[in-house]
Amino acid sequence: MDCGHGIGRQHWATRYNEKNNHAQCKKCNGFEGGKREVYKERVNKLYGPQTWDLLELTSRKPAKQMDAFTIRHLTIYYSLKVKEMKLLKPAI
Ligand SMILES: [Zn+2]
């Protein structure tokens, strides 16, 4: 699986937004350009009807590339989140 971005990664303001990052198979993410219309529909279904529009607006805001400290902070945050998810994983 890939980490598919609804709004392209070049937009730093939404690059690491959890509502803009979802598992996507390599075919959909790569060869089919991320299936933007399907992505949009699913994001709105998951998070609410205005979510895609809000992501698009947010993506246009100026944002700097993250510094090493912020990246390190996010790495620790998500490492802990993965550990938490493993603990919550059903036994079957
Ligand atoms: Zn797919």
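Predicted model: local features only at pLDDT ≥ 70, side-chain atom pairs only at ≥ 80, totals over all residues.
Helices and strands are taken as DSSP runs, numbered from the N terminus.

The largest pocket has a volume of about 190 Å³. Both β2 (21-24) and α3 supply at least two residues each to its lining, and α3 gives the most, with five residues. The lining consists of H22, A23, Q24, C28, K35, V38, Y39, R42, V43 and L46; by class, six of these are nonpolar, two polar and two charged.

The second largest pocket holds about 160 Å³ of space. Its lining is formed by Y16, E18, N21, M66, I71, L74, T75 and Y78, of which five are nonpolar, two polar and one charged. Helix α5 (residues 68-88) contributes the largest share of this lining, four residues.

The zinc ion has C25 (SG) and C28 (SG) as its protein donors, at 2.1 to 2.2 Å. C25 is partly exposed, at 32% relative accessible area, whereas C28 has a relative accessibility of 17% and therefore counts as buried, the cut-off being under 20%.

In helix α4 (residues 51-59), the buried residues are T51, W52, L55 and S59. Viewed down the axis of α4, these residues fall within an arc of 100° and so line one face of the helix. An α-helix has 3.6 residues a turn, so residues three or four places apart point the same way. The cover over the buried residues of α4 includes α1 (12-15) and α3 (36-47). Exposed residues L54 and L57 are carried on the face of α4 turned away from its buried side.

Terms used: Residues numbered from 1 in each chain as written. Heavy atoms only, no water. Buried < 20%, exposed > 50% of the residue type's maximum accessible area, 1.4 Å probe, protein only. Arc of directions from axis to C-beta. Contact = heavy atoms within 4.5 Å. Donors = N, O, S within 2.8 Å, 3.2 Å for Na, K, Ca; no water. 1 Å grid on protein atoms, 1.4 Å probe; cavity = no way out; pocket = protein on both sides within 12 Å on 5 of 7 lines; lining within 4 Å. Points joined across faces, edges and corners; volume = space filled by probe spheres on them. Nonpolar A, V, L, I, M, F, W, Y, C, P; charged D, E, K, R; others polar.
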